[in-house]
Amino acid sequence: MPELLQATASILSPGTLLFVFAGVLVGLVFGVIPGLGGTTALALLLPLTYGMEVMHALAMAGGIMGAIAMGGSISAILLNAPGTAPSAATCLDGHPLAKQGRAADAIGAVASASPLGGLFGVITLLLVLPIARDIVLLFGPPEFFLVAVFGIVTVAISSSANLLRGLVAGGVGLMLSFVGYDTVHGGVRYTFGSDYLWDGIPLIPALVGLFGMAEMIRLSIEGGAVAADAGTVRLDGVWSGMRATLRHWKVVIRGSITGTLIGAIPGVGGTVATFIAYSTTKKADPDPESFGTGRIEGIIAPESANNAKDSGALLPTLAFGIPGSAEMAVFLGILMLHGMQPGPAIFADHEPEIYGLIVALTLSAVLASIIGITFVRWLAAITLVKGQILAPVVIAVSLVGVYAINLTPGDVVLAAVIGVLGYLMLRFDYPRLPLVIALILGETAERGFQQSMMIGQGNLGIFVHSVTSIVLVVLILLSLSWSFVPLLRRRLAASISGETS
Amino acid sequence: MNWIRTIRPTVFAALFFLIACSAETGYPSKDITVVIPFNSGGAFDAYVRALVPGLEKHLPNSINVLPKNLPGAGGRRGASDIFRARADGYTIGIFNMPGVLIPQLQNMPIGYELSEVTWLATLGYDTYVFVVKGDSPLGSIEDLKGLGRSVTYGATGPGSTSYVATNIVNETLGIPFEIITGYKGSAGYLLGLIRGDFDAAMINYSTARSYLESGDIKALAVFGADSNDPNIADAEDLGAPELGQLRVMRMMGGPPGLPDDIKTMLERALLAAMDDADFKSWLASTGNEAHPASAAETTATVLEMTEFYDRFKQLLD
């Protein structure tokens, strides 16, 4: 791979390296602030790249994209307020760890799992680049529908501890996802005449509300600081967190594969990838019930998926100009501004640039981790700050972030309303995960189903029409039956013991 | 502190002079906002951002021109934002035609009336290509008519430009058809076509170009431009010259009642910016094309387009 070496050399040249580093810093800051994220950072970068060299622009964009995950997960762990949407899964076990005073362990796990995931994703990307087109073409409307169903099923069964509440939350999420303009039949639904809701419930404000706002409302009501007991806060846990990642290398690989695969499917994206990585790890664990109380694997899995997903998302973006995620949509703009038209010729015409971007992505994940580890001591101290001081600051910064996305006051109102809903869910112990997944996947599922019905002229056979769709159907059936295995085993054990006694 | 006392009159005089100057030079005395009713990263966005440096250069008083993305409601939010702005020349924007025209003709609740917009210039247009899959046995529009079944098409949502264009072409040419809606953007249904979800599509040339060159898709007809290729029909060849009006246009406009002197200044600056060497080299490097037209021509085109789409009103949704 002489091109790859050449690209590495050109990225490592001092000038270009500076742009990667600048990107990493911007990415970390935008990642940490809830509401702001890769999409906003890249959107602000886009006009600045106008006068830049292509390689510099890509180096900086790669720097941002690689570092966002680290920043987003830091706020997820410390504040239970994910800085970016895909980091939401890291809250589930990361924040309980912070409460136990082990924020440093959690950040250490992130700092090791995310570059490893990133590396895995990049290697996969390099391997499959030549067949990127074919991979993207495997997914049509029937497959999109099945992927969405698979995602919803995975999450539904992983909340088996309180299945009914999980279903209620999922149902609310589906209802929210159907708000707005129906792109298949053209009707406008559940908007109550509001122009704002025409585009549906926007994901990022909803997530900021559901996690960040809800957590801050809880903190203000209950008082105290994030860490329950100041005496227990350990600042030296970074290394044990990093060692944990290496010990759980299987979790890293599973998370990375999930991230790369799901990241490559447009409209499903990073948030679903991290949640599915979390759910499958929980499901595969001998003690799934202990997840959510601060299991380090519950951080490693979504974090490795979080950085691997970017490589996956690059496939449809480069091969067909179809962004795999919201970030990629803006990144696409940067490519086009520099005359790189995504499509059949991009790999042939712009090979050095693409390799440069890949190297920048990898480098930036590593740099971001180093910076994260360096500051872990000060970051972990946030868990000692009193709620009366922390909550107003986080709420104000999050709402500014939410407003900055589209300069829409409606987004701020929505984040606040969903924040109250999120708090009520916390208070009455409803899982928020099914709501998020259903909110994201509801539209994909509905659109996929309706389009499949039109293409197949009403024949359900279209869902087993291709190898991909058959594989997906089998996966769905397997994960459904998997959830009954423990139940059956218990029944069996009960009946055997019943017979012997 | 004697020296302060000495220079004080000079400072006052200088300040007074500055204030007098700025009052006299008039428009533009502050930054101008250009509203882009789409997310950053799209074709409209790239076009405006590439044009901005030239626009700053050709406007007096070295003010800044600031692009502002206001996505939402399929471009209607941005359009109504431009329409409702104060008519002082500090807020102008780009309009996607007929994207914002169709909801107006459908009598949807929109915050603008396109016939009242102060049109400044046209930046360019995109033609529609009638495409099928590259290895499709279908070689002409006649082949499609002879299929003996409804031809299936892919498009974005009902009421979108691609959906309306597909309706108008097939109704006019008398082809029985069905549209599979719900694809995300032109890249979305282009991919659907290559994958084989449906038979054919109406797609804007800038998206289709590289796939036409690679042979993934092939063109049967083109609308909005004359065809030089004997294998590709144009509106005239198909005996339906009115279909030549099917174009997607990028037009610049401001709120109603923009004073004439400001309008002329903006029009001149826009046209000069499009003639700028930097902008032209950007066009060349990205494969974009500019088709500049004056304010008067743009106003006339808007009227023509309104009449054209009004004739097909029953096909809009």
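A crossing of two helices counts as right-handed if the near helix is turned clockwise from the far one by less than a right angle. The close-up views below are all taken from a predicted model.

**View 1. Packing of helix α9(A) against helix α21(A).** Helix α9 (residues 163–177) of chain A and helix α21 (residues 433–455) of chain A pack with their axes 7 Å apart and at an angle of about 35 degrees, and the crossing that they form is right-handed. On the side of α9(A), the contact is made by G166(A), A169(A), G170(A), V172(A), G173(A), L174(A), L176(A) and S177(A), while α21(A) contributes P434(A), L435(A), V436(A), I437(A), A438(A), L439(A), G442(A) and E443(A). Of the residues in this contact of α9(A) with α21(A), ten are nonpolar, five are polar and one is charged.

**View 2. Helix α12(A) and its surroundings.** Helix α12 (residues 249–263) of chain A has 15 residues, which at 1.5 Å a residue should span 21 Å, and the 21 Å between its end C-alpha atoms agrees with this expectation. Because eleven of the 15 residues of α12(A) are buried, the helix is largely enclosed by the rest of the structure. The buried residues include V251(A), V252(A), R254(A), I257(A) and I262(A), together with G255(A), G259(A) and G263(A). Among the elements of chain A that cover the buried residues of α12(A) are α6 (103–128), α11 (238–247), α13 (269–284) and α14 (297–320).

**View 3. The buried side of helix α8(B).** Y205(B), A208(B) and Y211(B) are the buried residues of α8(B); they cover an arc of only 130 degrees around the axis, which puts them on the same side of α8(B). The cover over the buried residues of α8(B) includes the strands β4 (118–133), β7 (200–204) and β8 (217–223) of chain B, as well as the helix α7 of chain B. After α8(B) comes G215(B), whose phi is positive, near 85 degrees.

**View 4. The side of chain B that touches chain A.** Here 35 residues of chain B are in contact with 36 residues of chain A. Within chain B, α2 (43–58), α7 (185–195), α8 (205–214) and α10 (277–286) each supply at least two residues of the side that touches chain A, and the largest share of that side, five residues, comes from α7(B). By residue class, the side of chain B that touches chain A divides into 16 polar, twelve nonpolar and seven charged residues.

Terms used. Residues are numbered from 1 along each chain as its sequence is written. Chains are lettered from A and ligands numbered from 1 in the order in which they are written. This is a predicted model: local features need pLDDT of at least 70, side-chain atom pairs count only at pLDDT 80 or more; totals for chains, interfaces and linings use all residues. Two residues are in contact if their C-beta atoms, placed from the backbone, lie within 7 Å. Helices (H or I, at least four residues) and strands (E, at least two) are DSSP runs, numbered from the N terminus. Ala, Val, Leu, Ile, Met, Phe, Trp, Tyr, Cys and Pro count as nonpolar, Asp, Glu, Lys and Arg as charged, and the others, Gly among them, as polar. A residue is buried if 20 or more other C-beta atoms lie within 10 Å of its own, exposed if 12 or fewer, and partly exposed in between; C-beta atoms are placed from the backbone. The arc is that of the directions from the helix axis to the C-beta atoms. Axes are lines fitted to C-alpha atoms, for helices over the stretch in contact, and angles run from 0 to 180 degrees between N-to-C directions. The expected span of a helix is 1.5 Å times one less than its number of residues.
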